[in-house]
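Let's take a walk through this fold, starting with the bonds that cross-link it and ending with the pairs of opposite charge. Keep the viewer open as you read.

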Amino acid sequence: MMQSTGFLSLCISFSALLHESSNAPTEKTDYSDTASSCKELLREQGIKKDGLYHLVSKKGEIYQTYCDMTTDGGGWTLVASVHENNINGRCTVGDRWTSQQGNSANTPEGDESWSNKVIFGTTEAATNDDYKNPGYFDINAEDIAVWHVTNNHDLKFWKIASVLRYHTNTHFLTLFEGNLYNFFKKHVLKYGAGECKTDRGISVPIIYDTGNEHRTNELYGQSVRGDFDPGYVTFRAFNSYRESFAMCSGVRPKGCYAHYYCIGGGGYFPSTYCSDFSYLGVNAGATNGYGASKELLHAAVLIFYR
């Protein structure tokens, strides 16, 4: 009888333990006070750890992204990444930042990803594929940060796997309604919409977090280094063929060979390669000629706002 009572008590205690466990609070995101940017998370909620967080768009949509809470005081929101999945492709599937419709004069603006509200990819795969979240067009920012992160790395290694990292501090985005979406709505990426002598882009000085001007020079071919000044990030540059490029990372064009060191852009390139990385791979990653180094060719370009 004593054994039966003891067994019954044990069953009751085990049942109670299961009930308590099932009702215990679980870790979850409280969407009721989710911030609209990593900067807001930092300032209003005091979050200071790098990592994945949920944000809310102006339309109330919840999305996840990566926050850099330590560089230059933190508050940087990952909004996009440009990843070249096939350096030999010619505006084929995966070239979302130029065109996936082929190199055609009928689509001179390509997919218009720099100036539309189409989102794609996932945060954790940002070094494996292209990525754009609602923050790209939704956040009202002042500055940007750019990381060139070696492909296929988990986000916990992004900083140490970066070939180059830098940020701006001039608040230049305030001149363009707070983000690159509005910048490119005003400055259209389209073949023939400008020419290099008068349209070498909007250049902004940068502060290096990984690398320096000398290192930036080393990342591009010897034959093209005289065509730019390192220490800047440039948006919407045209080359000698009147082809448009969205972003020249780490440099300011002073000549007409933007296709060797700029990425993204319009969807028609009659004289050069049509792809997200354009002519960067022309020398197969060797730096004794034109184009870019293997380090840049095999790295995704991550874009942050603050």
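A disulfide here is a pair of cysteine sulfur atoms within 2.5 Å. Keep in mind that this is a predicted model.

## The disulfides

The structure has four disulfides. Number the bonded cysteines in sequence order and the pairing reads 1-2, 3-8, 4-6, 5-7.

Start with cysteine 248 and cysteine 262, whose sulfur atoms sit 2.0 Å apart in a disulfide. Cysteine 248 belongs to strand β11, while cysteine 262 is in the loop between β12 and α6, so the link joins distant parts of the chain, 14 residues apart. This disulfide is right-handed, because the torsion about its S-S bond is about 95 degrees. Are its two cysteines buried or exposed? Cysteine 248 has a relative accessible area of 0%, so it is buried, and cysteine 262, also at 0%, is buried too.

Next up is the disulfide of cysteine 38 and cysteine 67, with 1.9 Å between the sulfur atoms. It links distant parts of the chain, 29 residues apart: cysteine 38 is in helix α2 (residues 38–45) and cysteine 67 in strand β2 (residues 62–68). This link is left-handed, with -75 degrees about the S-S bond, and both cysteine 38 and cysteine 67 are buried.

Cysteine 91 and cysteine 274 form another disulfide, with their sulfur atoms 1.6 Å apart. Here the chain positions are 183 residues apart: cysteine 91 is in the loop between β3 (76–82) and β4 (131–132), and cysteine 274 is in the loop between β12 (251–253) and α6 (294–297). The link is left-handed, at -75 degrees about the S-S bond. Cysteine 91 counts as buried because its relative accessibility is 1%, and cysteine 274, with a relative accessible area of 1%, is buried as well.

Now look at strand β10, which covers residues 232–238. How many of its seven residues are buried? Six are, so the strand is mostly covered.

β10 pairs with strand β7 (residues 202–205), running antiparallel and joined by four bridges. In that pairing, valine 204 stands opposite valine 233 of β10. β10 also pairs with strand β11 (residues 244–248), again in the antiparallel sense and over four bridges. Phenylalanine 235 has methionine 247 of β11 as its bridge partner. β10 and β11 make a hairpin with five residues between them, and arginine 242 in the turn has a positive phi of about 70 degrees.

## A cavity inside

A search of the whole structure turns up one cavity of 30 Å³ or more. The volume of the largest cavity is about 70 Å³.

## Salt bridges

Side chains of opposite charge can pair when their charged atoms come close. The count here comes to eleven salt bridges.

One of them joins lysine 39 and glutamate 142, at 3.8 Å from N to O. Lysine 39 lies in helix α2 and glutamate 142 in the loop between α3 (135–138) and β5 (144–150), so the pair ties together parts that are 103 residues apart in sequence. Lysine 39 is partly exposed at 21% relative accessibility, and glutamate 142 is partly exposed at 28%.

Another is the salt bridge of aspartate 50 and lysine 159, at 3.0 Å from N to O. Aspartate 50 is in the loop between α2 and β1 (51–56) and lysine 159 in the loop between β5 and β6 (162–167), so this pair ties together parts 109 residues apart in sequence. Asp50 and Lys159 are also linked with Asp68 in a network of salt bridges.

Arginine 215 and glutamate 295 meet in a salt bridge too, at 2.5 Å from N to O. It links distant parts of the chain, with arginine 215 in helix α5 (residues 213–218) and glutamate 295 in helix α6, 80 residues apart. Arginine 215 is partly exposed at 22% relative accessibility, and glutamate 295 is partly exposed at 37%.

Notes: Residues numbered from 1 in each chain as written. Heavy atoms only, no water. 1 Å grid on protein atoms, 1.4 Å probe; cavity = no way out; pocket = protein on both sides within 12 Å on 5 of 7 lines; lining within 4 Å. Points joined across faces, edges and corners; volume = space filled by probe spheres on them. Buried < 20%, exposed > 50% of the residue type's maximum accessible area, 1.4 Å probe, protein only. Helix = DSSP H or I, 4+ residues; strand = E, 2+ residues; numbered from the N terminus. Pairing = 2+ DSSP bridges. Salt bridge = Lys/Arg side-chain N within 4 Å of Asp/Glu carboxyl O.
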